[in-house]
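Open the model in your viewer and keep the sequence panel in view.

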Amino acid sequence: MADGSNSNPFVEDDGDFIENELEEKASEKSPSSDCTDISWDNIAVKLLRDNFVLTALELHTELVESGRELPRLRDYFSNPGNFERTKVETSSPTLQRTSSVHTLDSLDFARYSDDGERQVDERMAVLEFELRKAHETIKGLRATLTKETELASPEQGREGLIPGGKEEIIKLLEKKALNFLVNEYLLLSNYKLTSVTFSEENGDQDFEDWDDVGLNIPKPPSLLYLFRDYGTRAFPSIETYDVGCYVNLENEHLIDLQTKWKSKKDNLESKIFQLENEIIEINKQKDELILQLNEWRQNASSPENTSIPNHSRQLSCENSHPDPANIENAVNTVLDGMSDQGYYEQQHLNPNEDERTIPPSFEKALLETTLNLIKDHRIVSEVSKISDSNSETIILMLARCLPHIVPHVLLARREELIPLILCTTVLHPDVKERDKLLNILFNLIKKPNDDQRQMILRGCVAFAKHVGPARLENELLPQCWEQISHKYPERRLLVAEACGALASYLPNEIRSSLVLSMLQQMLTEDKDEAVREAVVKSLGILFSFICDTDKYGQGFELLKISLNDDSEKVCCAARQVFLPSFALWAVHLHKLEYELLHSFLRELEDLVKSALAVQKSNSSITLPIHEGKFASLVSTLEELVPFLFISVIRTGPYIEKISHNNEEVPEIDVFRFPKPSSDLTDLRVIFGNVNQLSAYIEQYEEHISQEWFEPWEQFNWVVKNLIPRLQEVVSGVGLTIPVLISILSKYFYRICRTFGRTFVDKMVKPKFQDLLVIPEGVDNRVTIGQTALTTCIVPVYAAGVLCSFNSDDDHNQLFRFLQDVVTTLAICQAPLDSIQAAFQELSACTSNHEILLGVLWEAVVHKLALVRVAAARLFELLIQGVSETLISTRVVPGLVTLANDPEVSVRIATIPGFGTILENVTLREMLDRVYMQLQTFLDDPVYRDQHTVQMEIIRTFARVGPNAEPRFRDEFVLPRLAAMALANNSLTNEIKKTDVALQLFEAYSAMSCCFINDQLVQEAMLPGLRYLRQDLSQLAPEREEVMSSMIKEYEAKLDASKSLERSPSQSVSPTPGGNTEDVRARVMSKIKDTTSKAHIPNIFMRKK
């Protein structure tokens, strides 16, 4: 074939080579004319010589299929040169036409003419033969290629090892075949995405064509068929052949194969029968040996043993007086010998002549008959198997016994079974039994307490470490899922805590899907706050391990649900656990600034804007904002400050300068940063490496401290986005809700302390100073409140920014700022609410008291009376925040100085301050000075006609009377109120008279809630009330009924007291008005009715 293939069929010299060769071979091997038996070879020679090629081809095919191939025909048809020459010779008998490139002869018109029909049939036959030969060639090449593939390099064949038992190297051909079947199964089962992934991972294989696996290997059946057929039959390894034929010539080969198979089958069946008999005999021997072993063990442990084996008797005879050591050695020798199977067999084959041998079945029946052994009893059955136990059988026995033990153990002590159940579950080989044991574990205690839940959770973690993710997912998670809707909250609490405890041991796909869905369902549906709190904590653990970025949005929604929960415990857990964990993930995904923080900031802005819109529509003074929601959002932003700082310092342009070996870097100043609310918001914990954190902070400070430095994206977001938006929120909050001012001040304080002094001086303070512009003179915009000086910006800047650091320069800046604001607001006669809020916020810190008092004393000696009036009003705020020593040495002297001021307005402004001292101070010396000063205001003729002074004193008495000491109220306040009520009767100015009467009504209403003795009621209270009733009957008739009711109640009280004095020996039942509490209740009810009729908001509201 090689020679034929290498010959050139177009060389003319070799034209008659084939025919000559055939003639020569025919002459050599032709039979004699006398021989009547014609061989197949002669027929082939004849057909080839007469050019019956197709007939010869059919003959060749039939002979090949029957296994009697002729070499002559094989060589002839294997040589392509024969058929190339034939094609040339069998061309058209007409004259050859020579083509020309210059004429139309170059077109082969004969191809399309009718003259070529005769050549078509001949050429078709030749092409069919060529096609058949090509198929044979391809088949041969496939066989060669498959063999080469099977003999591939060992490196390619060692890609997969069959686990378990012996390590078998999978061949490349086998790997491709398995891959093809697996891919086919995935497509048929509609796992299209998995099939695509599988195809991509095996890019070197074509899954569309089986020929890519093996060219001459038939495609095996489907993977499902192989699985079902596996192990059903055991066939010996025999050689197989592919046989096919067109006609049934002879089946000698098939008959031969059947004979061989039948003989092998008979041999195997005989061997199987023989082996089964051997197994039966071996089992019998085993039973006998076990019985003998038990008997020998009993004899060895008995002190009166007389049936010791022969060699042990020899040992005992050698020494007539053995010591215990020799006996022990002898027994050990016997037991060691009994453990040898060969010794067992020897004793079994050569038993002692003195011992009898009885059948095991007879012995068993005898024991059962005489000992009354209970049949089919679980405990008896388990105990009887102990002698044959090993580690595996012990586990099986525990699994069988534990379900019967657990119900009979006291509920208070069932936690003692947790280790036993877990060990059995871990080591048990049966999946169903493991499920039963885990179900027992989760239902072991009806309502597990905290300690019991911790025991179970620790056991679950140990289970997860031992068995791995697969068994954890398939066995433990279903138990959790079953308990997710249990009626007892303790069970649901156990599930919530288990989800967090097991999160790190589960595959990421399960964490992102099943566990997350379980926690989400419990968070949104469970009504128990303890369960939701545990769910939130587990979500914090879960999102510290989730890697699927698609779950970011779902996690953020769960975080918002947690932060907006009705329970304060759940919200606190969300801020301290879930939020830090989620924020750390946001930092990793570079989504902290533009997604997480931006979302909370936008929600805060929308809350303030909606409140401002409602306030504007209702024309109300107080901002109608949801304080709890506002506080929650600001607290959330405050918890995110450390993560924002980490994100900023990690992305600066200086990170290339930081070396990983930072042993020389000084440690971070812990006191520089504010105290974290939990360990999860501690910068050292978040960063992980304290030395690296110190290095980053040092480079950050060094970088931004330059006169000009290169900013970066995260830094610009803080400066140009966060701070301006927060300033807008602060401006919109207003000054009516002190709690919100305190929250915002703390937030800015944390930002400043975290980002450092350099950042505050260069970035934060300039932005506030641009808003807080101090005018040089009177500015009408300040007067009407159109600048930041009359907004919440002032207290937030003073308490949150200027107080963030405690150096002398910082204190000087705070002093100058407060002094400028006090002076500016006083000169412009603007409301002092902003500076009062700043003083109130600053007075909470004792280190600021001297600064505040210094500012006020500068105002006390100021040349402008308006500034001194402002100082007098601000002194009132400090009294409640500073110590009595400072009040005695700094506040009272300042108020006394202002009380002696030439300007009446200044002196009047000190009266509320003196009243506040009476409310909060107990030092007798200071109280006496205040009494003297108030006496001066009341008795000095200068103030007698001062309507403003009277109004301020009455208002102060109404405020401090119920809270001041009783002596001051009885000896000073009540008589003075009665005197002022009498004096008010003689006033002719109706406006002033009405103002005083209404103010006295509020003062007496406040005093009616106090205990007043009968003498004061008769001498001071009733006269003043009667004078006031006369005025109210003319000026405010709607209040006259209240006054009359109060007078009647006090008169009834006096009558009751007199009745008790007249008849002390009689038991007098108290009158309806004989009790102070009754008087108070009736007066308050009357006041309420009058208020509702007169449409007065609140007569007890303090006027400012």
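Select Arg969, Val973, Leu974, Leu977, Ala978, Met980, Ala981, Asn984 and Asn985: these residues of α47 make contact with α48. On the α48 side, select Lys992, Lys993, Val996, Ala997, Leu1000, Ala1003, Tyr1004 and Met1007, which meet the α47 set.

Two packed helices are described by the angle between their axes and the distance between the axes.

Next, colour the chain by pLDDT. This is a predicted model, with an average pLDDT of 77 and 75% of the residues scoring at least 70. Select residues 153–167, where pLDDT stays under 50 and the model has 13 contacts beyond four places in sequence. Then select residues 1086–1104: pLDDT stays under 50 here too, and the model has 29 such contacts for this stretch.

Finally, select everything and switch to a cartoon view. Which secondary structure elements does the protein have, and how many? There are 51 helices and 0 strands. Of the 1104 residues, 40% are buried. Among contacts with a separation of 6 or more, 70% join residues 24 or more positions apart. With the surface turned on, the protein exposes about 63,700 Å², and carbon and sulfur atoms supply 53% of that area.

Note on methods: Residues numbered from 1 in each chain as written. Predicted model: local features only at pLDDT ≥ 70, side-chain atom pairs only at ≥ 80, totals over all residues. Heavy atoms only, no water. pLDDT = per-residue confidence, 0-100. Contact = heavy atoms within 4.5 Å. Helix = DSSP H or I, 4+ residues; strand = E, 2+ residues; numbered from the N terminus. Buried < 20%, exposed > 50% of the residue type's maximum accessible area, 1.4 Å probe, protein only. Areas by Shrake-Rupley, 256 points an atom, 1.4 Å probe, with all protein chains shown as cover.
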